[in-house]
Amino acid sequence: MKLERINQQEAARYMGFRGNKPDKKTQAVIDECEKALLDVINPKFVYRLFGIIPRDNGIEILGTPLFLGGKDICEHLKGCSRCVLFAATISAGVDKLLRAYEAEDMTKAVVSDCLASAAIEQVCDGVDEIVKEKLTGCYQTWRFSPGYGDLPISVQRTFLDVLNAPKLIGLNATENNILTPRKSVTAVIGISEHEISKGRRGCASCNMRNVCQFRKRGEHCGF
Amino acid sequence: MDFKRLLNSKEFVVLDGAMGTMLQAKGLEMGGTPEALNIDKPDWLTDIHRQYIEAGSDIVYANTFGANRFKLKKCGYTVQQVIPAAIENARKACEDTDTLVALDIGPIGQLLEPTGTFTFEEAYDVYKEQIVAGSSADLIVFETMTDLYELKAAVLAARENSSLPILCTMTFEENMRTFTGVSISSMALTLEGLGVDAVGVNCSLGPKELYPVVEELCKWTNLPVIVKPNAGLPDPVTNEYDCTPEEFTEFAEKLIPLGVRILGGCCGTDPDYIRKLSEMLKGKKRVNIIHSIPAACCSATHTVEIDQPRIIGERINPTGKKRFKEALLSNDIDYILGQAIEQVHAGADILDVNVGLPGIDEKAMMVKAVKALQGVVDVPLQIDSTIPEVLEAALRVYNGKPIVNSVNAENGSIEKVLPLVKKYGAAVVGLTLDENGIPKTADKRFELAEKILNKALEYGIRKEDVYIDCLTLTASAEQEGVMETVNALERVKNELGLKTVLGVSNISFGLPNRELVSHNFLMMALTKGLDLPIINPNVDAMTGAVRSYKLLANIDKNSADYIAHYGGNNKATAEADQKTDIDLPYAIENGLKKEGRDITAELLKEHEPMYIINELLIPALDKAGDQFETGKIFLPQLIQTAGVAQTCFEVIKNYILSTGEKTVSKGKIILATVKGDIHDIGKNIVKVLLENYGYDVIDLGKDVDYQTVVDCAIENEVHLVGLSALMTTTLVSMENTVKLLRENNVDCRIFVGGAVVTPEYAEQIGADFYAKDAKESVDIARKFFGN
């Protein structure tokens with residue numbers, strides 16, 4: 001997968017422009033940073049399809065030691081017979097560029113941070129599409145990540161190991177379960193042979209709802 | 001049998017194939033801990049090893065890839081239980097054969113700083129434990145490595161805690177780099193310097209795709225080269241590899257003419273692959289090619305070949321710089337990083353790093369500076385200190401092959417410095433002086449250069465790694481010495497065939513129009529063969545002299561580099577503004593850094609620093625803050641204005657330091673991103689704003705221990721502490737930090753902020769203030785200090 005452009009509009013939303021068009025000077029910074037980022041972004045992803053067994057307090061992922069605990073993941077995978085686990089990253093070169101910008105110019109650092117967040121989302125959307133193509137005839141849920149709702153973030157390490165992500169895409173987690181490189185995502189996509197309702201996605205199922213910067217501004221993150 | 005005899009007695013050495021693939025076939029579940037099977041299913045292991053031995057493996061890897069304290073946590077066994085058991089299983093399979101058993105060690109599974117939170121020193125300890133536990137193996141293999149820094153910690157741990165041979169293989173992608181960006185030349189230069197016994201590649205790709213990687217590697221090393229490819233590329237859904245044993249062997253055969261001597265298989269391979277491989281190798285002769293490895297130094301990602309003049313930036317050095325000294329005294333690493341980035345943008349190929357200053361712990365500061373610098377710049381570093389302990393500390397933590405500045409011809413210096421250069425595989429600058437000082441004549445200096453070279457060779461340092469500095473004297477004081485320097489340089493270059501280095505700026509000290517003299521001296525030296533001018537790259541005349549020399553000397557082909565720098569297009573900088581009569585508030589409001597700097601310098605001729613800060617800077621910032629709060633401008637713009645104000649402050653600071661007045665400080669504030677959290681961009685925004693309002697910020701960085709905050713507050717008598725956290729999982733660290741501050745009765749107020757922090761939470765954990773954004777942090781500070 002190769003990113004040709006970064007979704008600037010989405011990045012501007014992360015920067016807090018609330019739908020306003022960035023001023024000329026900021027726009028120049030955005031363009032410059034996008035170019036620098038595209039040079040270092042190295043999108044990598046890995047995904048696999050697993051059978052699942054729903055239990056009372058979570059989901060068992062067949063053939064692995066992974067257990068996804070919590071009510072929310074059960075709700076998310078309701079009606080699904082299988083799931084895709086995936087992990088994606090835009091790689092460590094981005095972390096280095098962000099560090100260098102922080103030392104050089106905070107404006108570039110903030111702008112690049114938001115652009116990089118938009119970029120990893122684009123990569124995830126790309127993976128979504130690839131899964132869709134591979135599993136034609138199936139229906140899939142949106143992406144649910146460790147840390148959402150009551151799915152504990154402590155599953156992160158085993159999640160990565162099941163996908164062999166450290167070896168295959170260089171993605172790791174710290175002892176506090178923060179993904180490194182920083183601009184990375186792990187997520188679960190439910191797979192069903194029957195159509196599934198997509199209405200659940202939104203603020204109600206998000207554990208960030210009380211502190212969400214978008215909500216504070218009366219906006220919506222698109223989740 | 002041992003590894004060296006094996007290597008000498010056979011044309012090729014055959015390794016084994018995949019372990020994980022075989023274990024999964026036997027029933028290991030995905031994501032399980034394969035190393036636990038050494039104890040739970042020893043028969044599985046002995047059987048797998050035996051299959052590989054029967055297929056022709058000369059070395060089998062014990063099942064210890066992830067047997068470190070960190071990864072074993074999941075299964076409950078210790079390193080001391082698992083590793084000896086694994087080696088024992090392999091030994092059992094090897095009975096009555098000459099097959100060797102390797103202690104196999106993979107990545108820890110934690111990214112090292114600065115991308116991760118694991119330190120170099122912690123990584124060393126993890127590896128040391130494995131190496132000590134695996135002392136009964138015949139050799140040590142580090143494989144599937146993607147971070148050269150982690151691998152360096154591993155190699156040092158092996159060399160310092162074992163005498164077994166060391167084999168290293170890293171994992172490259174088709175773009176010829178590892179996941180962390182390590183280049184092939186950097187790997188080869190660094191590992192050969194560290195004294196490993198063989199080097200190579202494994203995993204990620206098949207033998208076909210690895211061809212260009214191996215080809216490049218063979219150019220950069222004369223060590224035995226290892227290739228252990230995957231069975232082609234895997235299908236993402238079925239996880240099946242696309243290369244049959246026959247195809248695998250066919251492509252592997254093509255690697256032999258490149259000089260490969262050690263072969264095996266990685267993911268997806270099994271005994272069939274190894275059998276075919278070993279049959280193919282039977283009766284074949286290895287190809288011995290001796291490459292001349294060029295003079296070069298490197299970071300993990302970037303190699304600088306000394307095949308043409310390369311600029312060493314001299315600005316990271318406190319000598320004669322009050323602002324730099326102040327930065328060192330106040331632990332201000334960001335200032336040093338800023339100096340580094342500026343020089344790289346200006347054209348420095350290598351950066352000299354000198355942080356020696358009376359009153360500071362030079363060793364600690366050097367380690368801190370080297371770690372921080374290599375986290376943000378790609379250029380290699382030249383480690384500059386007169387103290388061997390400082391040099392060694394820096395050499396340990398440097399990620400790549402650095403230059404040591406310096407050794408001289410005194411026996412004491414040679415005996416202390418050269419062993420370090422050898423052990424850590426650096427290049428070294430040799431100064432042509434000894435206990436009698438700097439010789440007057442070129443001939444004498446040449447003799448000292450020769451002595452340094454011969455001593456270096458005795459220590460086993462390559463000739464290509466010795467760079468001689470014939471020493472620049474000040475023309476105003478010792479005019480007759482100038483040509484002696486130049487002539488000595490010419491002889492060293494031509495007669496000894498060594499690379500030359502020269503600090504250029506000294507030449508013009510005490511003369512008017514220094515640039516003119518320095519510039520001409522540089523041109524003279526370049527013509528005589530200077531390879532490494534040490535200059536201030538920010539002075540365009542100097543950097544330009546090197547660029548134009550390269551053009552004239554037919555090094556810069558088609559003047560490409562020269563035109564890229566001076567070819568008109570880059571004149572239209574983003575800061576160019578048509579308006580001419582701008583004032584400071586305008587410059588700040590419009591994000592005009594250069595103008596802000598110039599206007600501040602002008603204003604200082606007529607106004608007091610405090611007037612400029614209070615009457616011009618702060619009102620402009622306040623205005624931007626108001627506009628931000630009311631949604632007229634947005635975060636990037638607010639930070640832009642802060643960036644200009646920061647530049648203005650820098651000018652004022654320099655001015656105050658030069659006049660010897662006390663610095664302007666409206667109060668000291670500690671900022672920290674709490675333990676476990678590595679997202680600190682928000683904190684850094686707060687820092688910039690606070691500094692702009694005249695506060696002294698002690699930035700403890702990210703992932704900060706609770707105790708560090710307490711100690712810092714007490715030691716520096718700071719009464720306002722700001723804490724940030726971005727993750728729900730690290731909020732508890734914020735609470736713990738607050739608790740520890742209170743338990744220690746630290747006389748301070750605490751403000752907290754960050755994406756997941758709420759006013760309620762702030763109150764609940766006993767913080768004094770909640771800051772919803774950077775602007776509010778400033779309001780809190782103003783209220784607290786009453787200014």
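**Close-ups of chain B**

**View 1. Strand β23(B) and its neighbour β24(B).** β23(B) and strand β24 (residues 769-770) of chain B run parallel and are joined by two bridges (strands pair if DSSP finds at least two bridges between them). Across this pair, B:Phe751 has B:Phe769 of β24(B) as its bridge partner. This is a predicted model, where local features need pLDDT of at least 70, side-chain atom pairs count only at pLDDT 80 or more, and totals for chains, interfaces and linings use all residues. Residues count from 1 along each chain as its sequence is written, with chains lettered from A and ligands numbered from 1 in the order in which they are written. Strands (E, at least two residues) and helices (H or I, at least four) are DSSP runs, numbered from the N terminus.

**View 2. The other partner, β22(B).** Strand β22 (residues 720-724) of chain B is parallel to β23(B), with five bridges between them. Here B:Ser724 pairs with B:Gly753 of β23(B). The chain gets from β22(B) to β23(B) through helix α29 (residues 731-743) of chain B, in a right-handed β-α-β crossover (clockwise from first strand over helix to second, with the strands pointing away from the viewer).

**View 3. How enclosed is β23(B)?** Strand β23 (residues 749-753) of chain B is largely enclosed by the rest of the structure, because four of its five residues are buried (20 or more other C-beta atoms within 10 Å of a residue's own, with C-beta atoms placed from the backbone).

Technical notes
Buried ≥ 20, exposed ≤ 12 C-beta atoms within 10 Å, placed from the backbone.
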